[in-house]
Amino acid sequence: MSNFNGTSLRLVIIAGMICFGYVLTDTSMLSAAKGSPGKPTAEETRIVDSTGKTVGQLLGTFRRGSGTEDLPLIYADVALLVNGQSFVVTVDKSRSYGNIELYFTGANCTGQAYFSQQKINIGARLFPSLGVHPSSNVAYLPNIAANATTISPLSSTRFDGTGRIFAECQPAAITLVDAIEAIAIGDLSTLYVPPFTLQIAP
């Protein structure tokens, strides 16, 4: 992507290699990371699953929490295309995560899923809001053709302290007056099989 300059791309590549367990022993990889001729482009830096299938292009990485932990977790943001829908998903080595809360009509994140219209803010977002079920790993996008409705959800996803990773289910005791129906677009754990690793295309 044209927004990546050489320094930024090298930092993303090195961070991704640390995140996904790469050891830089191959001299071609070392020279590429240092910026010698033939260095990888953004399009060549990708996340693959355990079968070798490309999950998507690596866009960037971020650390979990304040960064003061001895062994902080590092997550990767990946551009993804599923069933004709384009979005950005966050992954670690073992699973995928959404970028916004999901609300459910049943307990334990069961039943129909919804988003908050105010939070998805469809018109202002560069890429669609994405919800991922915390246990089934089913991905949801907002039904932008649906009208907002009022629901009393019994459960919702919640973030794990990063403000970005919605990885857990919790009871909900609220009235959501701007609920937008969520549409399931696929089970990410069957489309892409963990563990995930970073790969630089040859």
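His133 sits in the loop that links β8 (131-132) to β9 (138-142); strands are DSSP runs of E with at least two residues, numbered from the N terminus. This is a predicted model, in which local features need pLDDT of at least 70 and side-chain atom pairs count only at pLDDT 80 or more, while totals for chains, interfaces and linings use all residues. Residues are numbered from 1 along each chain as its sequence is written, and side-chain values use heavy atoms, leaving out hydrogens and water.

Is His133 buried or exposed? His133 is buried, at 7% relative accessible area (buried means under 20%, exposed over 50%, partly exposed in between, with a 1.4 Å probe and protein chains only). A polar atom of the His133 side chain lies 2.6 Å from the backbone oxygen of Cys109. Leaving aside residues up to four places away in sequence, His133 touches Arg95, Leu102, Phe104, Cys109, Val138 and Tyr140, where contact means heavy atoms within 4.5 Å.

The β8–β9 hairpin has 5 residues between its strands, and Asn137 in the turn has a positive phi of about 65°. Here are the pairings of β9, where two strands pair if DSSP finds at least two bridges between them.

Across the chain of 202 residues, buried residues make up 44%.

Methods:
Helices (H or I, at least four residues) and strands (E, at least two) are DSSP runs, numbered from the N terminus. A polar contact is a pair of N or O atoms within 3.5 Å; within protein, one must be able to donate a hydrogen and the other to accept it, and residues adjacent in sequence count only if both atoms are side-chain atoms.
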